[in-house]
Amino acid sequence: MEISSRENTQFFSNNAILPVDRSSFKSESSASKEKQLCCGGIKIFLGALSFVYFAKALSGSYLKSTITQIERRFDIPSSLVGVIDGSFEIGNLLIIILVSYFGAKLHRPRIIGAGCLIMSAGTFLIAMPQFLMGRYRYERFPSTINSTISISPCLQDKSQTPLSALEKSQAKINAGCEKEAGSSMWIYVLLGNLLRGIGETPIQPLGITYIDDYAIEENAALYIGCVQTVAIIGPVFGFLLGSLCAKLYVDIGFVDLDSVTITHKDAQWVGAWWLGYLIAGVISVLAGIPFWFLPKHLPKPESRKDSSTSSEQSKFITEDNKEQHKSYQRQVKIAEMAKDFLPSLKNLFGNPVYILYLCASTIQFNSLIGMVTYKPKYIEQQYGQTSSKTNFVIGLINIPAVAFGIFSGGLIMKKFRINVLGAAKLSLGSSFFGYLLLLSLFAMGCENSDVAGLTVSYHGTKRTTDYEQALFSECNSGCSCSKNDWDPICGENGVTYISACLAGCQASNGSGKNTVFFNCSCVGTLESPSRSSSAVVGPCQKGNECPKMFLYFLVVSVITSYTLSVGGTPGYILLLRCIKPHLKSFALGIYTLAIRVLAGIPAPVYFGVAIDTTCLKWGSKRCGGRGACRLYDSSALRYVYLGLTLVLGTVSIFFSVAVLWAVRKRSSPQDETLSANRERGACGAKSRKDNFVNSDHLIQTTYWPEKETRL
């Protein structure tokens, strides 16, 4: 500490901006001018960084809100959507160590500005397929398209032709069309999200450390709190933007909307998912502009010049006797920084509390990232809600609960002056009660909708045979229907039929959304077999109890979000107090790297694979092959989605218990008393001198990587 203090004294005494003898020669006017310059520069950086946090949080949350739209637009399964979502983390993985370690010694503001441009380029690339591929085509019976010709859905005139022959003929006609433009356009979305991940990487480690280095000590916590508060607004606007775009038809501005025969409640509906990415890309460009005009260094605050802890960047500035008057412009020797890399890495991984907390966080983020990624899909399929309403609810209810939970965690830490052991207990208690509340969601599900041939038979009994065989019955035996079609209609008996043909409908009246089918032989078999009945376009609504269950789900979900978020700030403080101050940025980079690689990339993929196993009816691509899932088994989806989340959460709790044990073992009663009185913590096996963390590092109670995903 004495060496560090002496180096800092020499560092600032040689600055051309500051006089050598501050106590003797600096006038009050020059001190006031310097203070104004310092405060003005850091506040400009604070405003710019807050806007960048807003931009990256908005685009990231908007991607989550468009998961189901992308799945339907490109006719891909949930597992592939998970790969697309995980490509963001792959982008982070490519450069995060380089940025975290070497970026802190270079021109940090310009690196952040370059990251914003890359992030905006990736966002624009995601929207590009809309302008390269053809118009969206959905499955509809010809009579539902605006036409004056009435066609029989049953197609009895083709009843002499075997079904297999019809399908083979159609497959032969469409042979080779899989190679047409648009069949693999989802690759643009994947690459765009990859670029987003690369561009977002420097914002987190470099922005926070820049504020910590140049902010006045007593204002550091306030500034970082402002950044995180603005960042919370980003996901709110992201999901609200997703809600708005989900109501607009995908080809709005390209087709006549009066010719669209489906509504936003239909399983085939795709909203204007691309529009939000254009908006987010423009915001990212604007957010990056100020950083190109900010300086590499700011004047050190007067109150921190005599501090025993120097800035993180100043520890790596090379001494050069020939440039004593240009200390802020000294060149960094890459070889010397690289030489210190392995010892720094060994120091981090030799800390048992850091390693255990890293394991607990990684497993917990597997649980939370998977849950949040598919939460919109779960609400849509389990409770029969539209994409627009789902995104609106998440953005307006869940995310504010997360923000309030993070704020409450920091407030509790400050109010009760909780030491490092208390922080470990609070983090563990938050996770335990949060997952305990999540357990109650198993009882708040909806039963499967009555779909003839899938969830119920045509005679009203539960499905007992293979669905491909159960789709056909005596009531539609005279029709030439395809099992691959998905054009649901709702019979007046409250049962959904996969298509008008499979419902045995002989005639139709009207056009578009107002089409009504008559003489449907299968509709009348449940209650009055002797009478044929009518049906309307679109699936039937869920049962009467489902809206009530959805309200219960929202209440428990909000409480769970708040409870889990309370433990985020104490856990992060625990992480900070277990590492040396000069390794802060590097430790956060390794921490974020582990979350990206071991949670952010695999979690959406294996969650998607598990969810795909609950599909009852797969869509069929226009050129053949399996498309996106049209109908899920509600009960199976509930047990897979919630069960996987709880299993991972339970494992993370065991690691949190191990963290608490390690902290308790390495913290003596004297250390705990000093921590409570002076807000200091010690978590390593080394001396308290090595583990001392100054208050300017401890007051960062509001920063939490990837907190916007913990819903």
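Mentor: Gladly! Let's begin with what a helix is here: a DSSP run of H or I with at least four residues, numbered from the N terminus. Keep in mind that this is a predicted model. As a case, phenylalanine 51 sits in helix H3, which covers residues 28–65.

Trainee: Which residues make the nonpolar surface patch?

Mentor: Phe51, Leu117, Phe124, Val282, Leu286, Ile289, Trp292 and Phe293 make a patch of about 750 Å². Helix H6 (108–127) and helix H12 (273–288) each supply at least two residues of this patch.

Trainee: Now the charges. How many salt bridges are found in the whole structure?

Mentor: The general idea is that side chains of opposite charge can pair when their charged atoms come close. A search of the whole structure gives nine salt bridges. One of them joins glutamate 200 to lysine 56, with the closest N and O atoms 3.2 Å apart. This pair links distant parts of the chain, as glutamate 200 lies in helix H9 (residues 186–200) and lysine 56 in helix H3, 144 residues apart.

Trainee: And helix packing? At what angle do H15 and H24 cross?

Mentor: Angles over 145 degrees count as roughly antiparallel. The axes of H15 (residues 352–373) and H24 (residues 634–666) cross at roughly 165° and come within 8 Å, which means H15 is roughly antiparallel to H24. Their crossing is left-handed, and the contact has 16 nonpolar, eight polar and one charged residues.

Trainee: How do H14 and H22 cross, left-handed or right-handed?

Mentor: H14 passes H22 in a right-handed crossing. The axes of H14 (residues 341–349) and H22 (residues 584–600) come within 11 Å and cross at roughly 65°, so these helices are roughly perpendicular to each other.

Key:
Residues are numbered from 1 along each chain as its sequence is written. This is a predicted model: local features need pLDDT of at least 70, side-chain atom pairs count only at pLDDT 80 or more; totals for chains, interfaces and linings use all residues. Side-chain values use heavy atoms; hydrogens and water are left out. Axes are lines fitted to C-alpha atoms, for helices over the stretch in contact, and angles run from 0 to 180 degrees between N-to-C directions. Angles under 35 degrees count as roughly parallel, over 145 as roughly antiparallel, 65 to 115 as roughly perpendicular and the rest as oblique. A crossing is left-handed if the near helix is turned anticlockwise from the far one by less than a right angle, and right-handed if clockwise. Ala, Val, Leu, Ile, Met, Phe, Trp, Tyr, Cys and Pro count as nonpolar, Asp, Glu, Lys and Arg as charged, and the others, Gly among them, as polar. Patches are made of residues with over 30% relative accessible area and no salt bridge: like charges are joined within 9 Å, nonpolar side chains (Val, Leu, Ile, Met, Phe, Trp, Tyr) within 5 Å. Accessible areas come from the Shrake-Rupley method with a 1.4 Å probe; for residues, only the protein chains shown count as cover. A salt bridge is a side-chain nitrogen of Lys or Arg within 4 Å of a carboxyl oxygen of Asp or Glu.
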